[in-house]
Structure formats: C-alpha cells, structure tokens
Amino acid sequence: MSSPPGGERQLEPEPASPPPISLVGTMPTQGSLNSTPTATPHLRLSANQTGPWCLQVSIPDGLFLSLGLVSLVENVLVVISIAKNRNLHSPMYYFICCLALSDLLVSVSIVLETTVILVLEAGVLATRVTVVQWLDEVIDVLICGSMVSSLGFLGAIAVDRYISIFYALRYHSIVTLPRARWAMVAIWVTSIFSSTLFVAYYNHTAVLLCLVTFFLAMLALMAVLYVHMLSRACQHAQVIAQLHKRQHPVHQGFRLKGAATLTILLGIFFLCWGPFFLHLTLTVLCPKHPTCSCFFKNLNLFLALIIFNSIVDPLIYAFRSEELRMTLKEVLLCSWFHTDTRQAVSPAVNVPSWAQQRSLCLP
C-alpha cells in the first residue's frame, strides 16, 4: 500500500537490493495496515535521495475523510434517485447507477483504510498480525475492484451514448435491458476477479502493467468515441443552421461549446486518474531514480484526486439529467418532510396520514 497520510514518516531504503514491485505498495490507499520499513522503499525515500528541489504536497487526514463523506452522500443520492423513479430504469441510467456505486466504493475503501490506520497508530485497536494482514488484503481487493469497475462503467457509458447517437433508430433493439444487465454483471465479475488476481500476484510487474494498459485503453476508447460524437453533432448543427439560414457565428459557437464540454469531460478524467497510473508506470520503469522518487512522494495527492473524481462524476453524468434532478429534489423534500413532521407535530396541524405520506415519497 501507499505511504501514511501526508507522508509524515519517511524511511531509508536498503541500498543492497532493489525494491520489489508491489501492488500493495502502490494501490490507492493511505498506508499499509501491516507495512514494514522494507516493504515498499521506493515509495518512502529520504530527502537526500530526492534532492532539496523535491516538492511534496501534504494531504491532511481530515481532507480525505471529508472528500470521502461528500462522495458517499452524493453517490448514495444518485443510486436512490434512480431506484425510486421507474422512468429512469433504462440501460443508460443503470450504467450511471453502477458508476455511482463504483465511485462510492472507491471513496469508502480509501477512507476506511485511512480510519483503520489512524486507529491502529493511535493504539486504540489492538489485534493480531494475521487479522491485520487479512483486513489489508480485503481492503486492497475492494479498492482495486472498485477502481476497475469505475473505469469499466465510464467506458460503458461512452459506448451507450455513442450507440444512441450513431444508431438512434436501432438503439432500443441494440441496447436492451437484458444485454445491459449482462454487461453490468460482466464488469462487476471481471473487476472482482481481476482485483483478486492483482492483489494475490502483486510481486509481478505484469500486474501493474495490466492496470496501466486498462486505464490507457479506457482513455483511448472515451477519447475516440466522444470526439466522433462531437464531430457528428457539429455536422448536424451545420445542417440545421443551413436549413434555417442562420449565420456562421451560431454554428461556430456550437462547435466551441461542444469542444469545451469534451475538453472538460476528458480533461477531468485524465487529470484525476492519470497521475495515479503514471505513478504505477514509474514504479516499474524507475523505482530508484531521484525524479521518480520525488513523484512518488505525492501519492496521497493522487489518491485525493481519485476521490475528487468520485465527486465530479455525478455532476457530469447524473445531475445533468432534468428528470433525475427532479427525482433528487423529491427525495430530499420527502426526507425533510418526514423529519419536520416528527419534530413539529401539534394537534392544530393536519398532518397527512402515513398512507398519504407514503404516496408522496414513493413511486
């Protein structure tokens, strides 16, 4: 696993032997529950090996916990809203719901390990080494699986939108609910199976290379599909502008808006996920180089960016839907209504019966 939060403890590596390539030492966690000074020396190098120019961004534990809590609340609301509204029970929203679950697991897993590490370091929880190692491996599988599934569902959403644009007339015959369910099951099963293999064979360089290759494949897939969709949208806008005899600036403005949206979509994906997978790549290519060692020191920053991506994903893929936003308002209003009526009930106020409240707040 990674170094402790904020990188407070820096341990000297053993110069006699090269550092092992360890998935446990490079997974998106704040620290290993059972780490030892020689477990991942390439991630905890002293200042004289990285140079005085090396900049390390310290991420407080409170920031990890706060980002995780925000992600938890936000993605839970997305899942509840989609489950509540039957109009949202379509393949596209099922993929968005699974993405929300994956992002939720990513944040909760990282926050869970941060909490466990803080409790163990404070001496509040005393347990056997075997139990700590088992918990360490379970959290590793959970983190790795949720990351792989999150990337997988981002790719599935891109493919779904591509088909809806280029095969609009055949969309409902191509993307059916049974096929969507099979795709979701395949992504979840593949994520769990691959994460178990990655954690079990973390000493192999191929493990890290497979993770990096998967990320690059998803990035390339999303870039190609979304660029092609933008090109088709610009062509349609040009045709519509010619039919209505509009001026060129209208079409130019649409192209600029589409390019800006695409840049934000792919830019956030790359900026949030890219540094972590670059970290994995450098772990294989240059584990002892001073420049790479300086990059390793900011692993906690890269993990915070991944949690931040879990917060941004609902804003990009879910809350842009007007119907989902309306459902979310209903969920929040119903929650407030139940709380308010329990705290401020008086004989003079006609409070709706339980059946009436249930009809208001349930589909």
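Mentor: Let us begin with a definition: helices (H or I, at least four residues) and strands (E, at least two) are DSSP runs, numbered from the N terminus. Axes are lines fitted to C-alpha atoms, for helices over the stretch in contact, and angles run from 0 to 180 degrees between N-to-C directions. This is a predicted model, in which local features need pLDDT of at least 70 and side-chain atom pairs count only at pLDDT 80 or more, while totals for chains, interfaces and linings use all residues. Residues are numbered from 1 along each chain as its sequence is written, and side-chain values use heavy atoms, with hydrogens and water left out.

Trainee: How is helix H2 oriented relative to H3?

Mentor: Helix H2 covers residues 61-84, and its axis comes within 8 Å of that of H3, crossing at roughly 155°. Angles under 35 degrees count as roughly parallel, over 145 as roughly antiparallel, 65 to 115 as roughly perpendicular and the rest as oblique. H2 and H3 are therefore roughly antiparallel.

Trainee: Which hand does the crossing of H3 and H6 have?

Mentor: Helix H3 (residues 91-122) and helix H6 (residues 177-200) pack at about 15°, with axes 9 Å apart, and are therefore roughly parallel to each other. A crossing is left-handed if the near helix is turned anticlockwise from the far one by less than a right angle, and right-handed if clockwise. By that rule, H2 passes H3 in a left-handed crossing, whereas the crossing of H3 and H6 is right-handed.

Trainee: How do the residues of the contact of H3 with H6 divide by class?

Mentor: Contact means heavy atoms within 4.5 Å; among the residues that meet are Tyr94, Phe95 and Cys98 in H3, and Leu177, Arg181 and Trp188 in H6. Ala, Val, Leu, Ile, Met, Phe, Trp, Tyr, Cys and Pro count as nonpolar, Asp, Glu, Lys and Arg as charged, and the others, Gly among them, as polar. The contact of H3 with H6 divides into 11 nonpolar, one polar and one charged.

Trainee: Which cysteines does a disulfide join, and what is its hand?

Mentor: A disulfide is a pair of cysteine sulfur atoms within 2.5 Å, and a search of the whole structure finds one. Cys286 is joined to Cys292, with an S to S distance of 1.7 Å. The torsion about the S-S bond of Cys286 and Cys292 is about -80°, so the disulfide is left-handed.

Trainee: Is Leu225 buried or exposed?

Mentor: Leu225 lies in helix H7 (residues 205-243). Leu225 touches Ala158, Val159 and Tyr162, not counting residues up to four places away in sequence. Because its relative accessibility is 11%, Leu225 counts as buried.

Key. Buried < 20%, exposed > 50% of the residue type's maximum accessible area, 1.4 Å probe, protein only.
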